[in-house]
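Please keep the structure open beside them and find each residue as it comes up.

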Amino acid sequence: MDITIRGKNIELTPALKDYIEEKVGRLEKYYDAINSVDVALTVERNRSIENTQRAEVTVFMNGNVIRGEESSISMYSSIDIVVDKLERQLKKYKTKLFNSMRDRRSGKKSRGVGKQVDVGVAVEEESDQDEPF
C-alpha cells in the first residue's frame, strides 16, 4: 500500500507522518486489496471557521474509490475520526462484496427482490360434534 501525504498551510513533521502511516496502515486489515492512499492535511487560515484542522483521506482500490473528510480543532483528532469513518466504509464495502459473491455462487440473482414465496395456511375445519377432552 502506497501512502502519499500532502500538507497545505502546515509543516509535516516526522511525528505527524508516522502517526498517519500507523493509523492509515490499520485499513489494510479490513481490505487487503488497497492500491494506494492519498492523505491531504489542511489548516484553514480563516478566523471565523472554528474547526480549522482538516484531514482528507482517499483510498484507491481495484476500480473503486473510498473517501473520507473531517475537520476539527486538532489535526490528530481529525485523522482519528476520518480513519474511523473509512474503517466503517471498508467494512460495509467488504460485506456487500462478500454477499454478492455468495449470491452468485449459490445461483441467486438478487436477494429478496422478485422472489415469490408460497405461504401455506393451515385451516382447521370445525366439526359439529363435541369432542371430549
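1. Val57 lies in strand β3, and at 2% relative accessibility it counts as buried; buried means under 20% relative accessible area, exposed over 50%, and partly exposed in between, with a 1.4 Å probe and protein chains only. Val57 and Ala40 are 17 residues apart in sequence, yet 6.4 Å apart in space from C-alpha to C-alpha.

2. Before going further, please note that this is a predicted model, in which local features need pLDDT of at least 70 and side-chain atom pairs count only at pLDDT 80 or more, while totals for chains, interfaces and linings use all residues. Residues are numbered from 1 along each chain as its sequence is written, and side-chain values use heavy atoms, with hydrogens and water left out.

3. What does β3 pair with? Two strands pair if DSSP finds at least two bridges between them. Strand β2 (residues 34-43) is joined to β3 by nine bridges, and the two run antiparallel, with Ile34 having Met61 in β3 as its bridge partner. Eight bridges join β3 to β4, again in an antiparallel arrangement, and here Gln53 has Ser72 in β4 as its bridge partner. β3 and β4 form a hairpin with three residues between them, and Gly63 in the turn has a positive phi of about 85°.

4. In strand β4 (residues 65-72) we find Glu70, a residue that counts as buried because its relative accessibility is 17%. The side chain of Glu70 makes a polar contact with the side chain of Lys85 at 2.6 Å; a polar contact is a pair of N or O atoms within 3.5 Å, and within protein one must be able to donate a hydrogen and the other to accept it, while residues adjacent in sequence count only if both atoms are side-chain atoms. Not counting residues up to four places away in sequence, Glu70 touches several residues, among them Gln53, Ser78 and Val82.

5. The loop between β4 and α2 holds Ile73, which is exposed, with a relative accessible area of 63%. Leaving aside neighbours within four places in sequence, Ile73 is in contact with Glu50, Asn51 and Gln53. The C-alpha atoms of Ile73 and Glu50 are separated by 7.2 Å, although these residues are 23 residues apart along the chain.

6. Helix α1 (residues 14-25) has buried residues Leu16, Tyr19, Ile20, Lys23 and Val24. Seen down the axis of α1, these buried residues fall within an arc of 120°, so they line one face of the helix; the arc is that of the directions from the helix axis to the C-beta atoms. The face turned away from the buried side carries the exposed residues Pro14 and Glu22, whereas what covers the buried residues includes β1 (2-8), β2 and α2.

7. Which rings pair with one another? Rings of Phe, Tyr and Trp (its six-membered ring) pair if their centres lie within 6.5 Å, and planes under 30 degrees apart count as stacked, over 60 as edge-to-face and the rest as tilted. By this rule the count comes to two aromatic pairs. The rings of Tyr19 and Tyr76 have centres 4.8 Å apart and planes at 75°, so this pair is edge-to-face. The pair links distant parts of the chain, with Tyr19 in helix α1 and Tyr76 in helix α2, 57 residues apart. Tyr76 counts as partly exposed, at 35% relative accessibility. The rings of Tyr31 and Tyr93 have centres 5.5 Å apart and planes at 80°, so this pair is edge-to-face.

8. Finally, helix α2 (residues 75-106) contains Glu87, which is buried, with a relative accessible area of 9%. Not counting residues up to four places away in sequence, Glu87 touches Arg26, Leu27 and Tyr30.

Methods:
Helix = DSSP H or I, 4+ residues; strand = E, 2+ residues; numbered from the N terminus. Contact = heavy atoms within 4.5 Å.
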